[in-house]
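This report goes through one protein model by region. Please keep the sequence and the structure in view while reading.

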Amino acid sequence: MRWCSPLIYQWCTGCSAGLPGGRCRCAGRPRRWCFTLESGQAPEGYTRGDPGRLADAYEGWHTNVRRMLAAADRLVHHGLFDRSPLHGWHRGRIAVVGDAAHPMLPFLAQGATQAIEDAATLAACVCDPGGLARYEALRRPRVDRVVAAVRERAVRMHLPDGPRQRQRDHELAG
């Protein structure tokens, strides 16, 4: 298990698990957004976020970012961890799908998609002799590619300031 420490993420519609987040009101409607802190390690599970620690981490950032932090009426924190897929996705007559078989970090938004693909493949295979092994054999190559792409994206999107980060930013802007 590796600790993943991204720099900043913001969503307006929902707070992704694994990121310190808060809520504010925008045009009278509640909004959720997420920020992250650099951290060497985080405990599993949810803890109450520390507004002072979050404010300190974003010292010197744009005023709008700091205002969003100050507007939070609730902060929740928990770690974002990278876990490898299970070695086997079935035993006997039981199979697992989605995050139970191959958890993924959220950097390509593929968790639900892969679970749906798993379920469709499992449904097509489950009645055949050896169907659970076939399900895994059919799905594993794609899942392995997606997991590798997610991990590459996690690195690419969280580069420290420097030449590689500037090149990435140039590519994204183009």
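Gln110 sits in the loop between E8 and H3. In this account helices (H or I, at least four residues) and strands (E, at least two) are DSSP runs, numbered from the N terminus. Gln110 is buried, at a relative accessible area of 18%; buried means under 20% relative accessible area, exposed over 50%, and partly exposed in between, with a 1.4 Å probe and protein chains only. Not counting residues up to four places away in sequence, Gln110 touches Met104, Arg142 and Val146, where contact means heavy atoms within 4.5 Å.

## Basis of the values

The model is predicted, and for that reason local features need pLDDT of at least 70 and side-chain atom pairs count only at pLDDT 80 or more, while totals for chains, interfaces and linings use all residues. Residues are numbered from 1 along each chain as its sequence is written, and side-chain values use heavy atoms, with hydrogens and water left out.

## Overall make-up

The protein contains 5 helices and 8 strands. Along the sequence they follow the pattern β-β-β-β-α-α-β-β-β-β-α-α-α. Of the 174 residues in the protein, 34% are buried. Among contacts with a separation of 6 or more, 61% are between residues 24 or more positions apart.

The accessible surface of the protein is about 10,800 Å², and carbon and sulfur atoms account for 55% of it. Accessible areas come from the Shrake-Rupley method with a 1.4 Å probe; for residues, only the protein chains shown count as cover.

## Helix H3

Helix H3 covers residues 111-125, and its 15 residues should span 21 Å at 1.5 Å a residue; the end C-alpha atoms are 21 Å apart, which agrees. The expected span is 1.5 Å times one less than the number of residues in the helix.

Which residues of H3 are buried? They are Gln114, Asp118, Thr121, Leu122 and Cys125. Seen down the axis of H3, these buried residues fall within an arc of 100°, so they line one face of the helix; the arc is that of the directions from the helix axis to the C-beta atoms. In general, an α-helix has 3.6 residues a turn, so residues three or four places apart point the same way. The buried residues of H3 pack against strand E8 (94-95) and helix H4 (131-156). On the other side of H3, Ala112, Ile116, Ala123 and Ala124 are exposed.

Thr121 is one of the buried residues of H3, with a relative accessible area of 17%. Leaving aside neighbours within four places in sequence, Thr121 is in contact with Tyr135, Leu138 and Arg139.

## Salt bridges

There are 9 salt bridges, each defined as a side-chain nitrogen of Lys or Arg within 4 Å of a carboxyl oxygen of Asp or Glu. One of them joins the side chains of Arg151 and Asp82, at 2.8 Å from N to O. This pair links distant parts of the chain, with Arg151 in helix H4 and Asp82 in strand E6 (residues 81-82), 69 residues apart. Arg151 is partly exposed at 26% relative accessible area, whereas Asp82 is buried at 6%.

Glu136 and Arg140 form another salt bridge, with their closest N and O atoms 2.8 Å apart. The two residues are 4 apart in helix H4, and are therefore separated by about one helical turn. Glu136 is buried, with a relative accessible area of 12%. A salt bridge also forms between Glu171 and Arg156, where the closest N and O atoms are 2.7 Å apart. Glu171 lies in helix H5 (residues 163-173) and Arg156 in helix H4, so this pair ties together parts that are 15 residues apart in sequence. Glu171 is partly exposed at 40% relative accessible area, and Arg156 is partly exposed at 26%. Salt bridges that share partners join Glu117, Asp118, Arg139 and Arg142 into one network.

## Nonpolar cores

A nonpolar core is a set of buried Ala, Val, Leu, Ile, Met, Phe, Trp, Tyr and Cys residues joined through side-chain atoms within 4.5 Å. The largest has 15 residues, of which Trp89, Met104, Leu105, Phe107, Tyr135, Val143 and Val150 touch the most other members. H3 and H4 are the elements that give two or more residues to this core. H4 gives the most, with 7 residues. Another core lies apart from it and has 5 residues, including Leu54, Tyr58, Leu69 and Leu75.
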